[in-house]
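This text leads through one protein chain, part by part. Please keep the sequence and the model in view while reading.

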Amino acid sequence: MTIITVADERALLQSVPTGLFIGGVWREAGDGGTFDVSDPSTGAVLLSIADATPADGDAALASAFAAQHGWAKTAPRLRAEILRAAFEAVTARADDFALLMTLEMGKPLAEARGEVAYGAEFLRWFSEETARISGRFAVAPDGNSRLLVTKRPVGPCLFITPWNFPLAMATRKIAPAIAAGCTMVLKPAALTPLTALLFAQVLQESGLPAGVLNVVQTTSAGAVTAPLIQDPRLRKLSFTGSTEVGRRLIKDAADQVLRVSMELGGNAPLLVFDDADLDKAVSGAMLAKMRNGGEACTAANRILVQEGVAEAFTKMLLERMRAHTVARGTDPSSKIGPLVDEGTRTKVHELVTDAVDAGATVALGGRSVDGPGYFYEPTVLTNVPAHARIMSEEVFGPVAPILTFATEAEAIRLANDTEFGLVAYAFTRDLNRGLRLAEELEVGMFGLNTGIVSNPAAPFGGVKQSGLGREGGFEGIDEYLETRYVGIADPYADV
């Protein structure tokens, strides 16, 4: 087992670019401003990096706009080879990317390595899809003309990514945009921008032409991105984050009638039926709840267990949760790292406190961990009433609230009783029940007897207040393509 030393951390941080990436050049912010990126396990500053101004954002969009025409005309094979080279480079530097994510976001190294593999796979998947962009040619039904349908790039894009998956949320947007022939401006989260900067460097080294990708990290997100959304040079906005912010962005994007992709909040139910394989159900619940320390929109926010197995399931879940060691992500024993900042930890504890006040029982945890960093104990709540805030708000932490149900119909009603509709999970041995749930649950994704659904080859996205559009899969590249129809006169008209 490799032990990470302070020297290892310093060497990696020294290799990370600290400027803005505009037009293929690393540069300071226009006003020379910087901001600190901190380690959530200690609060210590990792690096000070350039803090973009609105003028820097405009320069980034200008660069993307200038590069768009030429980039759109590049051969699909060239774009594919750049993506494949980036996949190979990220894979070769997997340890660097994993450690960097652990340092700035807090997740244990094992989970960070998993994200590197997942994030890199978007590069490989879309490298393979690049040459498969196609249209169609047909005879019109009346026989008097020909129909030619082609696909073309949407144009310059703005990507706003969250802090919880610093690499995968970037590659999930950047890879299909590159494949489709779009240029872009990336605004990574201010809490975790370092991974995006290192990835931009890798793309540059992989042959991505200047101006195709521009990165403007900033602590003034609204001031930098709002003018870009109102700029007619921009043609698409893709955002991953809260529903509250997503609603505002959709409204702002309406003025320019921008194409939008919105991956927003979740309130995922996980249903365990009496006939479930409990070992698989508990393992699946741990994946669905504790992946990324619970800081994921796909996390199981509500665990709904049928009355006949509720006691046995809860006992088994408690055993698994107790075994999770809370420690800095570089500690080999770590199963849960810190939450990303104090505000997140405070919100988690508020939801736990509200649930207890509403009648829930703390079966495990329920407290912040003393000492430096933003650690919170693995927590299990039982007897949680349906009206508790934790049943309707994303907890984004290592807290598993358990609610029981009597019948399948009640389980479906409880699962759908939310404004969100990103993902749901269910464990049952009854195939017909599984198929009924797949049709009845109001979600964009459904995990049947599995606690993880994310896959670069599958379309990721939700319904209702969980967003618009899909990322990944065959569907992911369509988000970056416009359809053009050409009507052609009958070639036999003059014969």
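Which residue is the bridge partner of A138 in β6? The partner is L147. The model in which this pairing is seen is a predicted one. The pair belongs to a place where strand β5, residues 136-139, is joined by four bridges to strand β6, residues 145-153. The two strands run antiparallel. They form a hairpin with five residues between the strands, and within this hairpin G143 takes a positive phi near 75 degrees.

A wider view comes from the database record. In an unreviewed entry, UniProt lists residues 26-486 under "domain: Aldehyde dehydrogenase". Over residues 26-486, 39% of the chain is helix and 21% is strand.

Next comes a sheet. Strands of a sheet pair through backbone hydrogen bonds, and the pairing can be parallel or antiparallel. Here seven strands make an open sheet with mixed pairing, in the order β14-β15-β16-β13-β12-β18-β19. Strands β14 (361-364) and β19 (445-448) stand at the edges; each has a single partner strand, so one side of each has no neighbour in the sheet. From one strand to the next, the twist averages 25 degrees.

Strand β15 shows both kinds of pairing. With β14 it pairs in the antiparallel sense over three bridges, and V362 stands opposite L381 in β15. On the other hand, β15 (residues 379-382) and β16 (residues 399-405) run parallel and are joined by three bridges. In that pairing, T379 stands opposite V399 in β16. Both faces of β15 are covered: T379 and L381 are buried on one side, and V380 and T382 are buried on the other.

Helices lie across this sheet. Helix α10, residues 278-290, lies across β12 (268-272), β13 (300-306), β16 and β18 (423-427). Its direction is at about 170 degrees to β12. Helix α11, residues 310-322, lies across β12, β13, β14, β15 and β16, and runs at about 175 degrees to β16.

An α-helix has 3.6 residues a turn, so residues three or four places apart point the same way.

E263 lies in strand β11, residues 259-263. Is E263 buried or exposed? With a relative accessibility of 4%, E263 counts as buried, because the cut-off for buried is under 20%. Leaving aside neighbours within four places in sequence, E263 is in contact with R172, F239, T240, G241, C297, L422, F460, S466 and E471. With R172 there is also a polar contact, side chain to side chain, at 3.3 Å.

Another glutamate, E129, lies in helix α5, residues 109-129. Its relative accessibility is 8%, so E129 counts as buried. Not counting residues up to four places away in sequence, E129 touches F474 and I477.

The remaining residue is L83, found in helix α3 (residues 76-92). L83 has a relative accessible area of 0% and is therefore buried. Which residues are in contact with L83, leaving aside its neighbours within four places in sequence? They are L123, F126, S127, T130, A175, I178 and A179. L83 and S206 are 123 residues apart along the chain, and their C-alpha atoms are separated by 7.8 Å.

Conventions. Residues numbered from 1 in each chain as written. Predicted model: local features only at pLDDT ≥ 70, side-chain atom pairs only at ≥ 80, totals over all residues. Heavy atoms only, no water. Pairing = 2+ DSSP bridges. Axes fitted to C-alpha atoms, helices over the stretch in contact; angles between N-to-C directions. Contact = heavy atoms within 4.5 Å. UniProt positions renumbered as here; feature names shortened; annotations may be inferred. Buried < 20%, exposed > 50% of the residue type's maximum accessible area, 1.4 Å probe, protein only. Polar contact = N/O pair within 3.5 Å; in protein donor to acceptor, adjacent residues only side chain to side chain.
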